[in-house]
Amino acid sequence: RAAAFGGGGGGFSSKGKPDGRGANGKCFRALTALRQICNHPDIYAGAPTTGPAGAASRSAKLQTLDAVLQRWKKQGHRAAIFSQSKKMLDILEALLRARKFRYARIDGDTPAAARQGTADEFNENSRVFWV
């Protein structure tokens, strides 16, 4: 397979799998950039020179989520929010903190022993959002 794509060096490893340098790698990097931009432009471009980083005003997706969460809180609903990116979780956490919402967070840095307690708090308390 690798020989068919330029003798093994054209973006494929010696085992014939994409190595991130060829067309497959470019496509993956482009999709990653698009996902970052769609989540929040600050994840892709970095913090703006003016205004706070991660501001909801810079992301229509975050503005919509903010409006929905505020409505749901008034109605007594809860929400579980999932993200593949810890940077996006940081932005969501800042939004929840600014709105003075009670929330619990579980990510890859949460110790395994603390995860069940956090899940139990969410299940038992109708006033907690979960990210």
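A salt bridge here means a side-chain nitrogen of Lys or Arg within 4 Å of a carboxyl oxygen of Asp or Glu. By that rule, Lys86 and Asp109 form a salt bridge, with their closest N and O atoms 2.4 Å apart.

Before I go on, some notes on what we are looking at. This is a predicted model, in which local features need pLDDT of at least 70 and side-chain atom pairs count only at pLDDT 80 or more, while totals for chains, interfaces and linings use all residues. Residues are numbered from 1 along each chain as its sequence is written, and side-chain values use heavy atoms, with hydrogens and water left out. Helices (H or I, at least four residues) and strands (E, at least two) are DSSP runs, numbered from the N terminus.

Back to the Lys86 and Asp109 pair. For accessibility, buried means under 20% relative accessible area, exposed over 50%, and partly exposed in between (1.4 Å probe, protein chains only). Lys86 is partly exposed at 39%, and Asp109 is exposed at 58%.

How many salt bridges does a search of the whole structure find? It finds seven. One of them joins Arg99 to Asp66, with the closest N and O atoms 2.6 Å apart. Arg99 sits in the loop between helix H4 (86-98) and strand S1 (102-104) and Asp66 in helix H3 (residues 60-75), so this pair ties together parts 33 residues apart in sequence. Arg99 is partly exposed, at 37% relative accessibility; Asp66 is buried, at 7%.

Another salt bridge pairs the side chains of Arg105 and Asp107, at 2.8 Å from N to O. Arg105 counts as buried at 17%, and Asp107 counts as buried at 13%. Salt bridges with shared partners join Asp90, Glu93, Arg97, Arg105 and Asp107 into one network.

Now H3, the helix that carries Asp66. The expected span of a helix is 1.5 Å times one less than its number of residues. Which residues of H3 are buried? They are Leu62, Asp66 and Leu69. Down the axis of H3, these buried residues fall within an arc of 70° (taken from the directions from the helix axis to the C-beta atoms), so they line one face of the helix. The face of H3 turned away from the buried side carries the exposed residues Ala60 and Lys74. After H3 comes Gly76, with a positive phi near 80°.

H1 has 17 residues and reaches 24 Å from its first C-alpha to its last, close to the 24 Å expected. Its buried residues are Gly25, Thr32, Ala33 and Asn39. Seen down the axis of H1, they fall within an arc of 130°, so they line one face. On the face turned away from that side, H1 carries the exposed residues Ala23, Lys26, Leu31 and Cys38.

Last, the packing of H3 and H4. Their axes come within 11 Å and cross at roughly 45°, where axes are lines fitted to C-alpha atoms, for helices over the stretch in contact, and angles run from 0 to 180 degrees between N-to-C directions. That makes H3 oblique to H4 (under 35 degrees is roughly parallel, over 145 roughly antiparallel, 65 to 115 roughly perpendicular, and the rest oblique).
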